[in-house]
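Subject: Structure handover

Hello,

Here is the structure I promised you. Please open it first, then read my notes beside it.

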Amino acid sequence: MAGTGSELPVLIGQIGPLNGQRWLIARTLTIGRDASCDVVIPDRLVSRYHARVTPGVDGVLLEDLGSKNGTFHNGKMISEPCFLQDGDTIQIALQQNFVYLSSDATMPMDSSKLPVGEPERYGKLYLESRSRRVWINQKEVIPPLSVPQFRLLQALYEQQGRVVSRQDLIVATWGDQESFGVSEQALDALIRRLRDRLAMLDPTQGYIVTVRGHGVRLDNPEK
């Protein structure tokens, strides 16, 4: 596993045998079953030399190395190299999931369990901004939320209980420059997808509440 660094992109193991481990991408990393790989996945469905990620001037490139069971980028099998974006997911033969972060400043925690702390600090939903992870009822949301979904939830989480205007949510999710072309329909679609993801772990609680004529708020009851 890589050591510490400064503002380097990082791979974080999630679902699979490498859950919780992390690798800084300071150089090319080969992923596979062979012991000589930089990221070793001990699973027979994984090829000896399965995939690799390579940092460069234009970004970090993901390549499949002719594997038998495929390399998946955001759920789709790749046949050509592709550049990774912040928050992308990588699946190796559907046996090991990784999330790609463009900076190691988003330091993950070692455990998939809810961080230890004063219980009154947390509601049923807990968001950890540094690692970009979310828990509901002490169960982590897996696979992780997409980058827009996480940014939307984070904007609501930071103001939980308060109504956030739709325009403020658009800016928080897409940024100042890109938000100009974002429609109300795009925001509504993103809210629906986020609701669906949260409902997978807790269908009894409507966390994202639309307040007509005002905006949206996060309803995060105590445990």
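Accessible areas come from the Shrake-Rupley method with a 1.4 Å probe, and for residues only the protein chains shown count as cover. On that basis, the chain exposes about 12000 Å². Carbon and sulfur atoms supply 48% of this area.

Two notes on the ground rules. This is a predicted model, so local features need pLDDT of at least 70, side-chain atom pairs count only at pLDDT 80 or more, and totals for chains, interfaces and linings use all residues. Residues are numbered from 1 along each chain as its sequence is written, and side-chain values use heavy atoms, with hydrogens and water left out.

**Overall build**

The chain has three helices and 16 strands. Both are DSSP runs, numbered from the N terminus: helices are H or I with at least four residues, strands are E with at least two. Of the 223 residues in the chain, 45% are buried. Buried means under 20% relative accessible area, exposed means over 50%, and partly exposed lies in between (1.4 Å probe, protein chains only).

Next, contacts, meaning heavy atoms within 4.5 Å. Take those in the chain between residues at least 6 apart in sequence: 44% of them join residues at least 24 apart.

**Helix 1**

Find residues 147–157. This is helix 1, and it is mostly covered. Eight of its eleven residues are buried. They are Val147, Gln149, Phe150, Leu152, Leu153, Ala155, Leu156 and Tyr157. What do these buried residues pack against? Their partners include helix 2 (166–174) and helix 3 (184–199). Four strands are also on the list: strand 12 (125–128), strand 13, strand 15 (208–211) and strand 16 (215–218).

**Pocket and cavity**

Both are found on a 1 Å grid over the protein atoms alone. A cavity is a set of points where a 1.4 Å probe fits but cannot get out. A pocket is an open set with protein on both sides within 12 Å along at least five of seven lines. Lining residues have an atom within 4 Å of a point. Grid points are joined across faces, edges and corners, and a volume is the space filled by probe spheres set on the points.

The largest pocket has a volume of about 260 Å³. Its lining has 13 residues. Asn74, Gly87, Asp88, Thr89 and Ser146 lie nearest the centre. By class, the lining has four nonpolar, six polar and three charged residues. Here Ala, Val, Leu, Ile, Met, Phe, Trp, Tyr, Cys and Pro count as nonpolar, Asp, Glu, Lys and Arg as charged, and the others, Gly among them, as polar.

How many cavities of 30 Å³ or more does a search of the whole structure find? The search finds one. About 50 Å³ of space lies in the largest cavity. Arg132, Arg133, Val134, Glu140, Val141, Pro144, Leu145 and Phe150 line this cavity. That lining divides into five nonpolar, no polar and three charged residues.

Ile25 lies in the loop between strand 2 (22–24) and strand 3 (29–32). Is Ile25 buried or exposed? It is buried, because its relative accessible area is 1%. Leave aside its neighbours within four places in sequence. Ile25 is then in contact with Leu8, Pro9, Val10, Leu11, Val53, Pro55, Val60 and Tyr100. Tyr100 is 75 residues away along the chain, yet the two C-alpha atoms are separated by 9.8 Å.

**Two loop residues with positive phi**

Ala93 sits between strand 10 (89–92) and strand 11 (96–101). Its phi is near 55°, a positive value in a residue other than glycine. Ala93 has a relative accessible area of 6%, so it is buried.

Asn137 is in the loop between strand 13 (133–136) and strand 14 (139–140). Its phi is also positive, near 50°. Asn137 is partly exposed, because its relative accessible area is 37%.

**Cysteines**

A disulfide is a pair of cysteine sulfur atoms within 2.5 Å. By this rule the count is zero. Cys37 has 7% relative accessibility, so it counts as buried. Cys82 is at 15%, so it counts as buried.

Over to you.
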